[in-house]
Amino acid sequence: MAEAAVRYLRDGRLEGEHAPALSVSGSLQCCPLAARAMLHVTAALASQAASGKSQARGLVIVAFDRSPEVYLDFMRRRGLDPNTFNRCVRILDCYSDPIGWKQKIQSQQHQESSVEPCSMDKENVTIFRSVKDVDKLMCSIIDLGRGFEGEGKIYFTIAIESISSMLKHASVSSISGLLSNLRSHDQTSSIFWLIHSDLHEPKFSRAFECLSTMVASVEPAVVDSVYEEEIPGNMSFLEKNYSNAKFYVRLKRRNGRVKHLYEELCVEGNDVKFISSPSVSAEVNQNLLPKVGLYISSSI
Amino acid sequence: MAAAGASGGQTIGRSSFSRVAVSTAASSSTSAGVKLGPNGATFVSSGIPDLDRILGGGFLLGSVVMVMEDSDAPHHLLLLRSFMAQGVVHKQPLLFAGPMKEPRLFLGTLPAPVASSKEDGRQRVMGAGTSSDGRTSDEALRIAWQYKKYFGEDKTSHAEHKDNKQEFSNDFDLRKPLERHLLSSQNIECISTQDGDTLGELQDRCSTFLSKHLRKDGGNLIAGRIAIQSLCAPQCGYFEKDWDMVSFIRSLKAMVRSSNAVAVITFPNAILSSSFCKRWQHLADTLLSIKAIPDEDKDLAKLLTGYQDMVGFLHVHKVAQTNSQVPVILEASTFSLKLRKRRSLVLERLNQAPVDGSAGPSHAASASCSSSSQGSQLDF
């Protein structure tokens with residue numbers, strides 16, 4: 001359940017443990033829906049931080065896939081006013097100019113840096129121009145996190161969108177190192193990221209799942225059983241898969257047991273809804289059950 | 001003639017052959033924590049008495065033990081911690097390598113040995129005979145298919161064996177950390193595998209560790225322990241160098257074989273490509289794997305007794321054997337991990353309820369088939 005995932009991240013880390021980490025993974029067939037689910041979780045955590053219900057004082061968004069205005073827009077429509085947004089959210093903008101080319105071009109042409117593309121107030125948006133340098137990225141994230149106001153120990157949550165875009169610029173081991181260092185940093189309350197699992201070798205996707213304590217996978221609602229993918233040209237499939245998806249959550253509990261949860265994800269306009277569907281959870285259990293009956297009959 | 005067969009306590013049968021009891025008394029040339037076994041084998045304890053028993057004595061000196069991790073459950077850390085804590089308690093040299101910035105901090109999580117008490121002794125004798133909440137009256141009706149629970153555990157006088165066992169292996173209290181003064185010893189070394197692009201440094205450290213502490217000349221037999229956590233973790237710089245990792249394991253195996261040491265390596269096998277995973281599995285002398293257990297699963301709860309207390313499964317794929325052509329074949333290879341009184345780790349055989357209660361003779365088959373079917377379905 002998405003609410004369970006948000007609560008788990010909101011509660012943050014315990015003393016002496018690493019911060020909890022959620023990995024949202026989606027396949028290409030439903031990647032806009034996975035991104036929407038990610039946005040939903042981001043907005044939920046921002047509002048939790050704003051209302052003081054979470055361990056974290058603020059949220060740092062490392063945005064590779066979207067421009068910062070998208071976040072402001074989404075959260076404003078969710079009811080988070082801009083002032084609270086500025087207080088509780090900091091965005092590290094790796095989308096506008098990730099490797100510093102725009103800056104180079106502008107300085108080469110000796111143009112005055114005219115009005116920046118994003119004309120919104122930039123006090124909580126920091127443009128990051130060297131995404132290939134993972135150490136520098138980590139320092140920037142931590143600096144932003146330390147900038148939140150408050151008394152006592154300040155915790156912050158980190159959202160990374162998305163790991164797939166980061167992998168264009170840096171290696172798997174450096175990004176895994178970044179994630180594990182962020183998790184073990186003592187001011188991180190929780191961390192979550194989006195990854196498009198189809199775009200990478202299976203072992204790399206599994207590596208990132210390994211680093212997380214909760215895995216949420218978004219799968220297409222309707223899959224053709226014969227071809228195992230959408231029949232091209234069949235509009236009804238496309239339509240269904242663009243607005244509905246299955247949301248599986250695997251939560252790794254502290255005692256080593258794994259909790260499986262399932263919901264259906266519906267996108268209507270700007271809203272993302274999660275509908276719990278208990279009937280399908282039996283399906284999950286079926287796969288885990290050892291098929292004892294089969295063996296006994298064959299051994300007699 | 002019939003009664004003479006039971007001298008070793010190992011066979012309940014009626015043969016005239018008697019198994020020579022393995023001497024567990026420490027001889028003058030061995031130190032605490034090392035046990036001699038048949039075929040010139042020397043064992044050190046894994047830190048988990050149940051696992052020592054399952055493996056036929058413990059971890060063989062000169063072998064490489066590999067543990068396949070499950071990304072969903074951290075139980076490989078329990079095995080590693082028990083192994084390391086046992087070495088510290090016996091003052092054996094220890095080298096720890098882990099994919100974190102500060103591997104020394106991991107030493108702070110090692111458990112302390114349990115202060116032995118009579119109650120523990122009694123618990124051990126009862127073993128898995130009673131279910132955790134003692135509902136023996138319910139169990140009485142279904143005892144027929146659970147008969148294996150009542151045999152097989154040490155039936156010989158437990159008191160005398162307990163003292164010897166305490167010397168060789170300890171029960172660890174996972175809630176209590178090991179005393180600090182034990183950890184500041186000179187012969188505990190740590191190295192981080194997260195820094196650096198190659199395994200060369202780790203290989204050099206292992207070779208200096210082995211040559212410094214452990215020589216096979218005369219004198220006391222000091223056993224050493226090497227513990228490597230998550231050798232192919234994604235945050236290590238050499239993560240994508242598959243062949244380098246395989247040649248590191250091969251050279252470590254050679255180094256360990258010619259010294260008095262045991263190496264325990266855990267690795268998340270899901271991260272390796274399947275062909276390399278096969279190579280790693282083949283390189284291991286003893287191969288174990290951990291499997292996570294789903295929570296609040298009603299169907300599993302019906303099928304497995306004691307499901308509520310289980311935290312995971314341990315599967316034994318391969319057991320090291322030395323100086324012998326006879327392979328070790330275990331009666332059961334899947335065990336459930338439980339935390340007794342939430343503090344010490346026990347391994348129990350799985351007791352799986354029969355699907356069809358009326359099938360009589362197939363229960364024996366089902367008890368062993370269940371472990372293999374568990375294996376195949378749960379992807380061991």
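At what angle do helix α8 (residues 172-184) of chain A and helix α9 (residues 202-211) of chain A pack, and how far apart are their axes? In this predicted model, select both helices in chain A: α8(A) and α9(A) pack at an angle of about 10 degrees, and their axes lie 10 Å apart. Because angles under 35 degrees count as roughly parallel, α8(A) is described as roughly parallel to α9(A).

Next, show the side chains where the two helices touch, selecting Val172(A), Ile175(A), Ser176(A), Leu179(A), Ser180(A) and Arg183(A) on α8(A), together with Phe204(A), Phe208(A) and Leu211(A) on α9(A). If you colour this contact between α8(A) and α9(A) by class, you will find six nonpolar, two polar and one charged residues.

Now move to strand β7 (residues 214-220) of chain A, where six of the seven residues are buried, so the strand is largely enclosed by the rest of the structure.

Finally, select the whole of chain B, whose secondary structure comes to 12 helices and 14 strands. Of its 380 residues, 52% count as buried, and the accessible surface of chain B comes to about 17,600 Å², with 52% of that surface belonging to carbon and sulfur atoms.

Key: Residues numbered from 1 in each chain as written. Chains lettered and ligands numbered in written order. Predicted model: local features only at pLDDT ≥ 70, side-chain atom pairs only at ≥ 80, totals over all residues. Heavy atoms only, no water. Axes fitted to C-alpha atoms, helices over the stretch in contact; angles between N-to-C directions. Helix = DSSP H or I, 4+ residues; strand = E, 2+ residues; numbered from the N terminus. Parallel < 35°, antiparallel > 145°, perpendicular 65-115°, else oblique. Contact = heavy atoms within 4.5 Å. Nonpolar A, V, L, I, M, F, W, Y, C, P; charged D, E, K, R; others polar. Buried < 20%, exposed > 50% of the residue type's maximum accessible area, 1.4 Å probe, protein only. Areas by Shrake-Rupley, 256 points an atom, 1.4 Å probe, with all protein chains shown as cover.
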